[in-house]
Amino acid sequence: MLFFLLLISTVFILIRTAPIDQPESTTVFSTDKLPSNGSSLDYRILPYIGNGHVATVVFSDFIYMNGLYNGDNGTSHRARIPSTLNWQFQIDLTSTLYTLNVSSGTFTETLENDDIRIERSLFASQEYTELLLTHVVLTRLESTGKKITVPVDVNEQLTSVDIDFEVKHRDSQQVLLSGKTRQVENEQYQSEPLSVFVYYTPLPVDGLELGQDEMTRTYLFVTSIDEQQSRAKQSFDYATKKRQPDAVLAAHISRWNDVWANGRIDVTGDDELQRQINAAFYYILSSLPPLATRSEHKQFYGLSPGSLSRGGLLGEDYGGHSFWDTETWMFPSVLIFYPTLAKEILSYRIALRQTAVDNAALFGYEGWRFPWESARTGVDVTPDCCPEVRLYQMHITGDIAFAARQYISATGNRDWLVNEMGGDLIYETARFWGSRAIYNNEKKQYEILTVLPPDEDAQPFKNNSVFTNAIASLSIRLADRVSCITRKNPPQAWLDIASNLHFPFDDATQTHLEYEGFDLKNTTIKQADVVLLGFPLMWPMTEEIRRNDLLAYEKLTRDDGPAMTWSMHSIGFLELGDFEKAQQLFQRSYETYVRPPFNVWTEARSGVGAVNFITGAGGFLQAVLFGYGGIRLTLEQLELQPRGHLPNQAKKLTFYGLKYQGFSIDLSIDEEKYDIVVSAQDHKHSVPLIYEYNGEQNALKLGDQHSFPTDTRVVIRRLTPLCF
């Protein structure tokens, strides 16, 4: 265990620990007994704390750092740093309470006996992201006159199977560990092992104390971790020398309050649904960089299905790799509230563009082809067990381009297109599809052959995946749409491909076929695939075909498939006005995938697969926002059409801080009407807006408030188009 200890008398600072206008019952998850698996803690359903740079499952043995991987190619996984937060108190207890507070980003253990109360709060600092901290308050419950000693289990660990650690300095005040990973991910793209520096002081072997005349005492245990020694030292010194413990905690909580004030969903009338939403957002946001931090900006290395807090064991939680999950399932709900964090997600793909260039060339294609599984370098780190997905599951390149489409739709960020290589990302992914399609003289159409669709049961490969062809077409069209800004004009040959790709379709049943030769009667699929055409792709089709697709593929989907499938079905049936069906599928999208007492997501209903499965959490949030919220985001406009049928027992939904073209918009929905309030404006990045309702157009400005009947459509757009 690696620690820094700071001891002072308690200073009381007012700390706000609940999101705005939400009862504590919806933000606090408590239990008097931690989940167990036999005689051991069940770490798979314990919560985690994180800040996008460092993260750990509470009481587990390891800490993980953004971008720190060990292992070559398909064996690459998150490098395990020995935990500094998993020590225990050695006292007899009369009561215990364990609390995850998602509003403040803290996990608190409260222990009591007749003599003393111990409150230990664990958190990954939002203020300085290098810091993982343990804030301990001892409170005397008996009269003064006797010193109280609380023994702790000291078991300092200085070794890792992934990192060669060396003690560079040790004295009574601090220890510096310097380490390097044991293997590079790929010698072509990583010339040397990755460095990591850890500052700490040993935990006091004599335990924690209350003097005979003290009623309370506060301790702060500090660990600072970074790939640069100077950054780790700076943050370590800040927490140990420049701020008092309560001030460090207060600064962290203040920044979490800012996150919730910047964007959140409030539910009136259904506290349990509110808890589900709050926890889902907390687990996703805890793997992303803070909205505001005093730390130096660092390259972000992607969202993994199992979060930043897992992935140290090959074969579990996907090794901390990034998949299509990032852009397809998690990105949309992040973008609509926190576009700066959405840009961080896209920056990961842009930063690793050279490997995408080489990956395309390796298979004889042009442009950027992104890997199915990505870690530090951008090479494909799919394990050797699964060559089919590595070779053929290339829709991820289109998924990334579609996320870029959504980002431009929400922000209109010309600077990102021109100066931050967003335009290159869009153009080069389109170039890949332009080189990948071939013309079929018999069909008089273009085809994309030998691919694996989102339905991974369709192995080893198929021809003309309808989802892949749609996402490829949208990728090329996007490059054309933004060419007025990027000055990168797609060749006519690419545009011909985009407008004339073959889409397998069954005329008899008026249903899209997942791929060429698909059997609608006798095939089982893993997860949502064809239904994604309707949403999020919004591919043009009749209401009849949309319904047929939903009904056909619901019956064919495996019962043990991942949660996000049912979120997409719920959105589809809400579009069609089948509210009872939508409600059933909405509940199915989360109820059997979320584990008490801390609302940890599992990949499969049986509890197996990745945990904490923030992919499923992302799908669930999309059902709330784009399903019950009736929100649609296109290159031209933001469309609102809530149907008025709310989920579960909810009487009202309020989306605070929807971001569009530099404005923040609050959207409140009940069964009869919906209200929009323009609550904030970023003057540096906003443009004049108009809204259209019932054929009339009016300006939409800061402070405006408008009400509309449910199931009517409002369109909000830029006054001046983004030169489309």
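## How helix pairs are described here

Axes are lines fitted to C-alpha atoms, for helices over the stretch in contact, and the angles between their N-to-C directions run from 0 to 180 degrees. With that in hand, let's walk through this structure, which is a predicted model.

## Helices α16 and α17

We can start with α16 and helix α17, the latter spanning residues 614-628. Their axes come within 10 Å and cross at roughly 160°. That angle makes α16 roughly antiparallel to α17, because angles over 145 degrees count as roughly antiparallel. As for handedness, α16 passes α17 in a left-handed crossing.

Which residues make the contact? From α16 come Ala582, Gln583 and Phe586, while α17 supplies Phe620, Ala623, Val624 and Tyr628. The class count for α16 against α17 is six nonpolar residues, one polar and no charged.

## Helices α15 and α16

On to the pairing of α16 with α15. Helix α15 covers residues 564-576 and helix α16 covers residues 579-588. These two pack at an angle of about 165°, and their axes are 8 Å apart. α15 and α16 are therefore roughly antiparallel to each other, and their crossing is left-handed.

On the α15 side, the residues that meet α16 are Trp566, His569, Ser570, Phe573 and Leu574. Their partners in α16 are Phe579, Lys581, Ala582, Leu585, Phe586 and Arg588. Sorted by class, this contact has seven nonpolar, two polar and two charged residues.

## Helices α14 and α15

Helix α14, residues 543-556, packs against α15 at an angle of about 150°, with 10 Å between the axes. The crossing of α14 and α15 is left-handed.

In α14, the contact residues are Glu543, Arg546, Arg547, Leu550, Leu551, Tyr553 and Glu554. They meet Trp566, Met568, His569, Gly572, Phe573, Glu575 and Leu576 in α15. By class, the contact of α14 with α15 comes to seven nonpolar, two polar and five charged residues.

## The largest pocket

Now for the open spaces. The largest pocket holds about 810 Å³ of space. Its lining is made up of 34 residues, of which Pro339, Thr340, Tyr407, Asn413 and His685 are the closest to the centre.

Several elements give two or more residues to this lining: the helices α5 (339-351), α8 and α9 (414-419), together with the strands β30 (652-660), β31 (663-669) and β32 (673-681). Which element gives the most? That is α5, with six residues. The pocket lining divides into twelve nonpolar, 13 polar and nine charged residues.

How many cavities of 30 Å³ or more does a search of the whole structure find? It finds five. The largest cavity contains about 60 Å³ of space.

Lining the largest cavity are Glu327, Thr328, Pro332, Asp399, Phe402, Gln406, Phe467, Ile471, Pro536 and Leu537. The elements that give two or more residues to this lining are α4 (324-337), α8 (395-411) and α11 (466-481). Six of the lining residues are nonpolar, two are polar and two are charged.

Key: Residues numbered from 1 in each chain as written. Predicted model: local features only at pLDDT ≥ 70, side-chain atom pairs only at ≥ 80, totals over all residues. Heavy atoms only, no water. 1 Å grid on protein atoms, 1.4 Å probe; cavity = no way out; pocket = protein on both sides within 12 Å on 5 of 7 lines; lining within 4 Å. Points joined across faces, edges and corners; volume = space filled by probe spheres on them. Helix = DSSP H or I, 4+ residues; strand = E, 2+ residues; numbered from the N terminus. Nonpolar A, V, L, I, M, F, W, Y, C, P; charged D, E, K, R; others polar. Parallel < 35°, antiparallel > 145°, perpendicular 65-115°, else oblique. Left-handed = near helix turned anticlockwise from the far one by under 90°. Contact = heavy atoms within 4.5 Å.
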